[in-house]
Amino acid sequence: MTAADWWTVSYTVAVIALVALAAGVVAVRVLAARSVATLMTVIAAVTVVATLAGVVVIALKMFISRGDLDVVLAVVLIAGIAGFGVSVIVGRRVSTASRLLLVAVQAVGDGSRYRPPGQMLPAELEGLSRELESAQNRLAEARDRERALEASRRELVAWVSHDLRTPLAGLRAMAEALEDQVVTDRRTVRRYHSQIRGETDRLTLMIDDLFELSRIHAGALRLSRCRVGLDDLIVEALASAEPLARAKGVLLCGSAAGGLPVWVDTAEVGRALRNLVINAIRHTPSDRSVEVVAGCESGMAMVSVSDSCGGIPADQLPRIFDVAFRGETARTPGPGEGAGLGLSIARGIVEAHAGQIAVRNAGPGCQFVIRLPLASAQTVADGQPGPLGGPADRPSRPPDQPFPAPGPGGKHLGPG
């Protein structure tokens with residue numbers, strides 16, 4: 001075949017292909033809203049027509065005999081019909097699978113759960129079906145969490161309203177008695193003033209807890225981290241809770257292994273520890289003990305607060321950190337308790353430090369466990385300056401600390 005023949009064949013076939021392509025594009029655009037089976041039929045038809053036209057032109061240019069041309073056309077036509085049939089079958093299968101997937105999705109809109117189609121789907125649609133099922137599971141979990149949070153908020157509003165109404169009613173009664181001079185003797189007046197101040201302090205603490213909890217839930221808790229020894233945090237928590245323990249007759253003790261630095265906001269983590277210790281004291285009977293132990297477990301700093309409350313019912317353990325939750329069987333609220341926000345605040349603070357908090361029944365009561373990441377040189381180098389001005393170690397407690405000297409196995413931190 002000469003170069004001229006090659007050129008003639010090439011541009012002829014190219015023109016035929018372009019014409020077939022243009023016709024196919026127009027057909028696809030016109031039928032864009034039709035099913036996948038129709039579009040695949042158009043593709044097969046364009047392929048067959050373009051191939052047949054090209055073969056006819058080439059055969060005529062090559063001046064082959066009529067018989068040979070008929071044989072070539074028959075072969076191409078049979079192959080085209082086979083390809084056309086396969087395209088139709090595949091298109092119908094894809095259309096059927098798409099309809100099944102559509103029916104399954106529409107069922108979700110009617111309120112039922114998504115159920116994957118029973119028959120095998122093409123790989124892409126099967127992947128889409130798996131993702132739809134996974135997305136529905138995530139949405140269901142999110143919906144359950146939202147419902148739980150909404151129920152928790154309703155309980156919080158109800159309980160806080162009750163907890164606020166009681167002291168406010170007492171304050172109003174005492175204020176009216178003083179204003180109307182119903183009470184005139186100095187002893188009673190002083191007692192009323194003392195009660196008014198005590199109730200005011202209690203309301204202030206409740207408002208502070210609500211504000212702290214709102215910051216945690218809104219993600220507005222700003223942490224000023226510094227490197228500090230875990231034993232120092234425990235000492236401060238025990239010292240803060242010691243007056244309450246002494247007044248109730250509860251033995252407060254603790255121990256911590258030395259050399260456990262953590263990179264935390266000392267004020268916030270100290271508050272979380274105090275909440276746990278005070279909670280343990282409030283629910284421990286007199287002449288019993290509350291023990292705080294710190295150590296290292298699985299590469300993390302660990303603090304456990306064990307009380308003698310008698311244990312928490314199993315059905316209440318999953319809710320113990322819920323907002324405003326207060327058990328009524330093993331942990332009956334006392335007159336000095338707040339709005340039941342202490343444990344929720346402790347969980348929010350610990351989780352804000354990438355830590356973990358958990359509770360379990362152990363021994364004569366229950367045990368709350370906090371796990372915090374240990375401070376490393378890289379952690380301190382990447383951190384922001386803390387409230388002490390930088391990542392330097394926090395000053396040790398003063399030498400006149402009223403706790404006993406370290407004992408064997410770690411520092412003894414409790415007053416007992």
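A pocket is understood here as an open set of grid points at which a 1.4 Å probe fits, with protein on both sides within 12 Å along at least five of seven lines. In the present structure, which is a predicted model, the second largest pocket holds about 250 Å³ of space. Its lining is made up of 16 residues, among which Leu149, His217, Asp322, Val323 and Arg347 are the closest to the centre of the pocket. Three helices, namely H4 (123-179), H5 (186-217) and H8 (342-352), each contribute at least two residues to this lining. By residue class, the lining of the second largest pocket comprises 7 nonpolar, 4 polar and 5 charged residues.

Backbone geometry was also examined. Most residues other than glycine have a negative phi. Glutamine 181, by contrast, which is found in the loop between H4 and H5, has a positive phi, near 55 degrees.

Serine 298 is located in the loop that lies between strand E4 (289-297) and strand E5 (300-306). The relative accessibility of serine 298 is 74%, and this residue therefore also counts as exposed under the cut-off of over 50%.

Methods. Residues numbered from 1 in each chain as written. Predicted model: local features only at pLDDT ≥ 70, side-chain atom pairs only at ≥ 80, totals over all residues. Heavy atoms only, no water. 1 Å grid on protein atoms, 1.4 Å probe; cavity = no way out; pocket = protein on both sides within 12 Å on 5 of 7 lines; lining within 4 Å. Points joined across faces, edges and corners; volume = space filled by probe spheres on them. Helix = DSSP H or I, 4+ residues; strand = E, 2+ residues; numbered from the N terminus. Nonpolar A, V, L, I, M, F, W, Y, C, P; charged D, E, K, R; others polar. Buried < 20%, exposed > 50% of the residue type's maximum accessible area, 1.4 Å probe, protein only.
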